[in-house]
Amino acid sequence: MSAAIVWFRRDLRLTDNPALAAALAAHDTIVPVYIHAPDEEAPWQPGAASRWWLHHALDDLSQQLQGRLVIRRGASLETLQLLVEQFGAAAVYWNRLYEPAVVARDSAIKQALRAVGVAAWSGNAALWFEPWEVATRQGGPFRVFTPFWKRLLELGLPSPGPAASAQLDGRLAIRPGTVTPGGTSLAELGLLPGIGWDAGIAAQWRPTRAAAEARLEEFLATDVRDYPQGRDQPGRERVSRLSPYLHFGQLGPREVAAACSTGRHSAAGFLRELGWREFAHHLLFHFPHTVGAPMDTRFEAFAWRNDGAQLAAWQRGRTGLPLVDAGMRQLWRSGWMHNRVRMVVASFLTKNLLLDWREGARWFWDTLVDADLAANSLGWQWTAGCGADAAPYFRVFNPALQGEKFDPTGSYVRQWIPELANLPPKWIHRPWEAPPAILHEAGVTLGSSYPRPIVDLKATRLRALEAWARVK
DNA sequence: TGAAATGTTGGGGCG
DNA sequence: ACGCCCCAACATTTC
């Protein structure tokens, strides 16, 4: 028996953690490690909201490890080699990730460790299946969701692994409070913002394993019952809100699937959404260039507009379209946006404003606590009509109509755009059409207290249809 | 995981 | 009572 390093990355949990379980099975001493090396993920190093979450998730994991999580900053390979030497470790264990830059780094690390006689082991904590385990009859990757999903159901969703906390007693390498040579504290990683813009995020979220478990349980006991309809209404919040926990691996997809199958209510619709998450990761693995290039090559020459003022208006929720602005303000203030509204704001950016989907992807990347490269790339390409199984080109969301359908009372808009709070439901999604008396009574002055629409919905819809028709 | 235009139907007002 | 028109409600087609 010997010591092993367990290299935590985005698998920040002790239960259903294959790397940790494998290390415990073969070694008597465990060195849990987190290495901060954001440059190695460039150009997709975690954004500001994501770093905030990461800080707290690491803090929580460290507490679960009785304060014995070793935190380092520096190049991953060199740091691992130093730790191997320092602790006399025979092996390094981790769970795989699927972003192109990380895949390249990890395979180089695996080779380098083995070359110097250190065992390197990697497992799967992030997905139900490995991307290479799910293939069409022709043997290639799926490009369409529905057959992919059918195949997953045929294969059967796998069960989670065991909880490891009990086995860890007495087997962690360092004592609490011990400062190891070259060690770093969590605070020194500088993940938290310098200025206090995170108050809104902190008020909304509890980035801990215990909170993830509680949220999963609560969701399956209540909200999931009318998920098929309820999930589309941003004012009602009948959604899981589990995405950031899944991204950082505080919760594993196998754990979620297992909980769904034992719940009192059918969770089929929700599981299908997790199927989209799985699909996104498999696609990213098989088509790594889709983080920056359209999957549909006909879009390579697409003439996206360039308009800094309109982009800024979209980013900060000043477009004059209430549902769009409510969503963008929710994102900015809370680090998250309801899924229905994500589709609406993405359609507005790409179709009505004709701005590049990569601008939207980058903004989401920096502002979402659940920012995930696979889901982000798939989602934006889906909306722009240039991705796998993409939305048909003629699908252009009308923010006013979407608001009237899915936020009929206007409660969502009222929550995030207080200056419109006194408008009646009939006009809250189209204030520019409201009679002057109604606006006056509600204290709304278009152009000063709230913007007029920055584009004409009808005209820009037609412009988009023409532009996309030219691609065909 | 659309929206808008166009087509169809049926009830009610009215001469 | 009847035919005509209007239009809302719903269905279909088109982008």
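Two strands are taken to pair if DSSP finds at least two bridges between them, and strands (E, at least two residues) and helices (H or I, at least four) are DSSP runs numbered from the N terminus. The model is a predicted one, in which local features need pLDDT of at least 70 and side-chain atom pairs count only at pLDDT 80 or more, while totals for chains, interfaces and linings use all residues. Residues are numbered from 1 along each chain as its sequence is written, and chains are lettered from A and ligands numbered from 1 in the order in which they are written.

Five strands form an open sheet with parallel pairing, in the order 3-2-1-4-5. Strand 3 (70–73) and strand 5 (119–123) are the edge strands, each pairing on one side only. On average, neighbouring strands of this sheet are turned by 25° against each other, direction ignored; the axes behind this angle are lines fitted to C-alpha atoms, and angles run from 0 to 180 degrees between N-to-C directions.

Strand 2 (residues 29–36) runs parallel to strand 3 and is joined to it by four bridges, with I35 standing opposite R72 of strand 3. Six bridges join strand 2 to strand 1 (residues 3–8), again in parallel, and here A3 has T29 as its bridge partner. Seven of the eight residues of strand 2 are buried, where buried means that 20 or more other C-beta atoms, placed from the backbone, lie within 10 Å of the residue's own.

After helix 17 comes G385, with a positive phi near 80°.

M337 lies in the loop between helix 14 (322–334) and helix 15. This residue counts as buried because 25 other C-beta atoms lie within 10 Å. Neighbours within four places in sequence aside, M337 is in contact with G327, Q330, L331 and R342, a contact being C-beta atoms within 7 Å.

Finally, the residues near DNA strand B (C-beta atom within 6 Å of it) are W276, A391, F394, R395, V396, F397, N398, L401 and Q402. They divide into six nonpolar, two polar and one charged.

Methods
Ala, Val, Leu, Ile, Met, Phe, Trp, Tyr, Cys and Pro count as nonpolar, Asp, Glu, Lys and Arg as charged, and the others, Gly among them, as polar. A residue is buried if 20 or more other C-beta atoms lie within 10 Å of its own, exposed if 12 or fewer, and partly exposed in between; C-beta atoms are placed from the backbone. Two residues are in contact if their C-beta atoms, placed from the backbone, lie within 7 Å.
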